[in-house]
Protein chains: 2
Amino acid sequence: MPSASACRKSQEKPREIMEAAEDYAKERYGVSSMIQSQEKPDRVLVRLSDLTVQKADEVVWVRARVHTSRAKGKQCFLVLRQQQFNVQALVAVGDHASKQMVKFAANINKESIVDVEGVVRKVNQKIGSCTQQDVELHVQKIYVISLAEPRLPLQLDDAVRPEVEGEEEGRATVNQDTRLDNRVIDLRTSTSQAVFRLQSGICHLFREILINKGFVEIQTPKIISAASEGGANVFTVSYFKNNAYLAQSPQLYKQMCICADFEKVFCIGPVFRAEDSNTHRHLTEFVGLDIEMAFNYHYHEVVEEIADTLVQIFRGLQERFQTEIQTVNKQFPCEPFKFLEPTLRLEYCEALAMLREAGIEMGDEEDLSTPNEKLLGRLVKEKYDTDFYILDKYPLAVRPFYTMPDPRNPKQSNSYDMFMRGEEILSGAQRIHDPQLLTERALHHGIDLEKIKAYIDSFRFGAPPHAGGGIGLERVTMLFLGLHNVRQTSMFPRDPKRLTP
Amino acid sequence: MPSASACRKSQEKPREIMEAAEDYAKERYGVSSMIQSQEKPDRVLVRLSDLTVQKADEVVWVRARVHTSRAKGKQCFLVLRQQQFNVQALVAVGDHASKQMVKFAANINKESIVDVEGVVRKVNQKIGSCTQQDVELHVQKIYVISLAEPRLPLQLDDAVRPEVEGEEEGRATVNQDTRLDNRVIDLRTSTSQAVFRLQSGICHLFREILINKGFVEIQTPKIISAASEGGANVFTVSYFKNNAYLAQSPQLYKQMCICADFEKVFCIGPVFRAEDSNTHRHLTEFVGLDIEMAFNYHYHEVVEEIADTLVQIFRGLQERFQTEIQTVNKQFPCEPFKFLEPTLRLEYCEALAMLREAGIEMGDEEDLSTPNEKLLGRLVKEKYDTDFYILDKYPLAVRPFYTMPDPRNPKQSNSYDMFMRGEEILSGAQRIHDPQLLTERALHHGIDLEKIKAYIDSFRFGAPPHAGGGIGLERVTMLFLGLHNVRQTSMFPRDPKRLTP
């Protein structure tokens with residue numbers, strides 16, 4: 001496979017070395033021609049994670065990135081990396097490697113992808129800096145499969161350094177914009193790999209649990225004809241000769257599916273908010289995990305299903321993603337996420353009492369500010385030792401028009417938020433399923449009935465009582481892992497100032 | 001729970017009846033007040049599907065829709081429906097029901113939701129018109145939970161009638177616009193329930209299979225800063241003070257994830273095409289099932305993974321959704337979907353030969369027209385007896401700039417489509433992972449390099465060879481079930497002329 005003729009301009013250096021002198025190892029290294037599916041060789045590539053003492057003295061092929069390289073006399077030590085795993089590799093002048101080959105290896109740009117043939121050797125002293133601590137690879141052949149440019153916009157080791165260490169020891173860390181501007185490299189760090197594997201796990205658990213509970217997955221349109229809820233914070237789309245809008249939530253469609261007898265539905269998809277909020281927890285496009293469910297008599301049937309789903313997700317993450325959690329904790333230390341079974345459910349008035357006792361002045365029908373939410377989270381943690389709880393029975397005045405009023409107290413509503421580490425991750429409610437009451441409430445909110453006609457009409461041909469809620473995926477990931485910015489848990493975040501990459 | 005005071009204007013008729021005369025059953029029927037989560041009664045609602053002879057002589061509560069009602073002297077026969085299940089219910093003057101109660105039941109508008117208490121009785125003759133053929137429900141109490149308006153915009157029985165029957169027997173069927181305009185009702189039919197349950201199953205199988213294969217689920221942004229591929233067919237979004245675009249595919253982001261070492265990724269999400277195509281298979285917003293995967297030596301490694309995923313989906317559907325398939329077949333008869341293992345892979349030149357043999361004149365570098373695709377599907381079916389196959393090695397000229405050229409024949413490319421029943425459901429290719437070749441190919445296509453700088457830069461720091469593809473969910477559902485319009489398999493379809501509901 002090595003082919004000198006395939007060398008490109010950017011690869012002059014290795015070429016020079018290769019052609020420099022008589023070299024008994026010249027077939028054993030080089031820059032491969034671009035893999036264009038020329039052939040289907042019968043070669044097995046071993047995973048780095050499988051390089052253990054069980055494979056001692058075996059000759060293996062691996063494909064990995066050059067994480068670091070360090071020449072030292074007639075030897076060159078490479079650290080090869082594959083996702084979150086790495087192994088030390090040694091190229092030493094001898095039967096297999098020439099002086100030129102060692103030099104070639106030492107000069108491969110970091111982050112280049114190489115194919116390496118080597119013998120797995122047990123080491124006497126554990127290699128603390130690698131995940132594969134008990135073996136190293138004695139290199140017999142090394143070919144560059146894809147050469148990285150020589151200057152990296154950020155160093156992976158800097159990108160995983162805990163901030164404290166950076167500050168105290170004066171060592172480099174990487175700021176958020178540099179990370180996001182060079183996301184392809186930033187996502188290669190062990191921390192990023194762990195964050196997004198865990199996030200994939202959240203989606204998987206969410207669906208697995210709901211499918212087991214008999215839910216049906218639905219797909220709802222993102223381009224909509226009318227901006228519901230008055231049209232604030234909505235993105236406009238040019239739709240052929242007209243205007244359309246991007247859906248701020250799948251709620252109308254989830255509710256239509258309930259009216260269409262699907263009974264229990266969920267969806268995962270993008271949600272768009274044209275809100276000029278530049279905070280640690282707002283994005284203009286995020287992923288919503290949405291649930292809607294018909295119930296028999298009381299919306300608490302739905303609250304319990306949602307809370308149980310979240311608790312099963314938390315448990316599933318702690319069971320299946322312990323390695324990922326620990327990897328993230330190395331860079332971002334935090335307490336393990338605590339939750340109760342069954343989930344703590346507080347009523348809004350109880351929360352108000354706790355806050356007032358802590359010196360906060362708030363009216364009965366006032367919404368929680370972000371600082372008060374966080375304070376409440378701390379108070380709840382102290383009193384109940386849980387990072388997850390439900391706040392039920394919000395004042396009707398602070399909820400959208402379609403929220404079902406409480407049957408006993410007209411100032412309260414059948415609505416709830418759920419919190420992780422003191423931040424809201426879900427907002428939900430029993431929805432009004434009666435077209436007449438819905439009309440009354442819309443008028444009370446000053447909403448143009450023409451604009452929501454289709455919505456109200458959905459309930460005219462028999463609608464079961466129902467409730468639901470929407471969960472922000474990035475927030476759940478952030479708060480479960482104790483991270484501090486939702487941009488850390490969105491692969492390609494969108495906010496008022498960022499649309500790239 | 002019944003509460004006469006809760007009656008509304010539209011419910012005058014039942015009210016009159018209730019108040020008309022001395023009525024020994026007056027507590028046993030009526031219109032319930034709106035369920036507002038007033039109480040948590042200790043009552044079990046039995047599923048209609050569980051009403052079998054095993055429950056004979058038991059008293060049960062059910063909640064269901066009134067599908068039809070038919071008064072006959074002192075009796076009223078109702079058909080109660082719950083999703084795809086239905087049962088006959090009988091209200092007869094006697095100990096439990098008064099004359100007034102029978103009249104009340106007979107006057108409940110179709111599609112209203114009712115709570116019914118009744119005794120399950122074995123019947124002597126099977127009830128052919130119901131799914132629960134061996135029992136009927138002898139009603140003791142009946143309360144309207146949600147009253148439907150008296151005039152339905154379409155009749156459910158018309159909406160499930162096979163077109164042939166409609167034409168031959170002069171019976172009503174429902175046209176597509178009426179269906180879509182009244183989607184909440186149309187989705188209640190047994191056919192729609194089956195179609196969308198099966199579609200939920202496709203998504204579930206897709207993910208289950210890929211997670212088992214070691215893939216990671218990713219979430220890619222839908223709002224993007226630059227229109228790739230020249231900017232045709234892209235929707236523009238007002239993004240604060242600037243313009244942005246809706247992603248026509250997640251491809252760039254999938255590829256970035258490959259460059260970021262995730263190795264095997266998938267995503268399910270909306271895809272937007274501002275194409276003024278008014279055909280049976282084009283939507284302006286559809287759901288893409290997307291795959292991208294690094295491979296070792298040959299893109300066929302990826303082709304095989306994708307084909308195996310689809311085959312496992314087909315098998316899974318046939319195993320888990322036989323009832324749904326049969327339900328849809330009743331209205332839309334079609335041959336069972338056939339596929340081979342391993343999947344048939346034809347090269348483009350072979351397909352050309354088959355078409356030419358059938359009398360079609362086509363150039364070597366010409367793309368397949370829709371009629372020729374369909375003809376090819378029939379020829380393949382005749383020759384190989386499969387409804388699913390791969391067409392490999394498309395002419396380079398008809399594929400996008402980022403497609404990897406064939407290493408041996410510069411007019412061919414490492415690209416492929418997959419077909420179901422003669423229609424394309426997936427398009428894919430090995431992508432160029434070398435920034436220099438990618439630049440050359442973009443220039444060859446006349447693409448402004450500035451606009452795709454971020455894309456090309458993604459490959460500058462070491463990129464593994466990779467390939468992938470995008471599947472259209474609605475097309476897979478349509479073609480698997482042998483349906484004829486993609487609007488039948490999109491819950492709320494979007495096309496140049498339809499943005500509602």
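Q: In β11(A), which residue is the bridge partner of V216(A)?

A: The bridge partner of V216(A) in β11(A) is V265(A). This is a predicted model, in which local features need pLDDT of at least 70, side-chain atom pairs count only at pLDDT 80 or more, and totals for chains, interfaces and linings use all residues; side-chain values use heavy atoms, with hydrogens and water left out. Residues are numbered from 1 along each chain as its sequence is written, while chains are lettered from A and ligands numbered from 1 in the order in which they are written.

Q: How many bridges join β7(A) to β11(A)?

A: Two strands pair if DSSP finds at least two bridges between them. β7(A) and strand β11 (residues 264–272) of chain A run parallel and are joined by two bridges.

Q: What is the strand order of the open sheet in chain A?

A: The order is β7-β11-β12-β17-β16-β15-β14-β13, eight strands with mixed pairing. At the edges lie β7 (216–217) and β13 (344–347) of chain A, each of which pairs on one side only.

Q: How many helices and strands are there in chain A?

A: Helices (H or I, at least four residues) and strands (E, at least two) are DSSP runs, numbered from the N terminus. Chain A has 15 helices and 17 strands. Its C-alpha trace spans about 90 × 55 × 40 Å along the principal axes.

Q: What share of the residues in chain A is buried?

A: Buried means under 20% relative accessible area, exposed over 50%, and partly exposed in between (1.4 Å probe, protein chains only). Of the 501 residues in chain A, 59% are buried.

Q: What share of the contacts in chain A joins residues 24 or more positions apart?

A: A contact means heavy atoms within 4.5 Å. Among the contacts in chain A with a separation of 6 or more, 69% are between residues 24 or more positions apart.

Q: Which residues of helix α10(A) are buried?

A: In α10 (residues 322–331) of chain A, the buried residues are E324(A), I325(A), T327(A), V328(A) and Q331(A). They lie on the same side of α10(A) because they cover an arc of only 160° around its axis; the arc is that of the directions from the helix axis to the C-beta atoms. T323(A) and K330(A), on the other side of α10(A), are exposed.

Q: What do the buried residues of α10(A) pack against?

A: They pack against α3 (156–159), α5 (176–181), α7 (190–212), α9 (300–320) and α15 (473–480) of chain A.

Q: How many residues of strand β12(B) are buried?

A: In β12 (residues 285–294) of chain B, 10 of the 10 residues are buried, so the strand is largely enclosed by the rest of the structure. β12(B) pairs with strand β11 (residues 264–272) of chain B in the antiparallel sense, over nine bridges. Here E285(B) in β12(B) is the bridge partner of F272(B). β12(B) also runs antiparallel to strand β17 (residues 466–472) of chain B, with seven bridges joining them; M293(B) stands opposite A467(B) in β17(B).

Q: What do β2(B) and β3(B) form?

A: They form a hairpin with two residues between the strands, and G73(B) in the turn has a positive phi of about 65°. Seven bridges join β2 (residues 59–72) of chain B to β3(B), and the two run antiparallel. V66(B) stands opposite L80(B) in β3(B).

Q: Which residue takes a positive phi in the hairpin of β3(B) and β4(B)?

A: Q83(B) takes a positive phi near 50° in this hairpin, which has two residues between the strands. β3(B) and β4 (residues 85–92) of chain B pair antiparallel over eight bridges, and A89(B) in β4(B) is the bridge partner of L78(B). Seven of the eight residues of β3 (residues 75–82) of chain B are buried, so β3(B) is largely enclosed by the rest of the structure.
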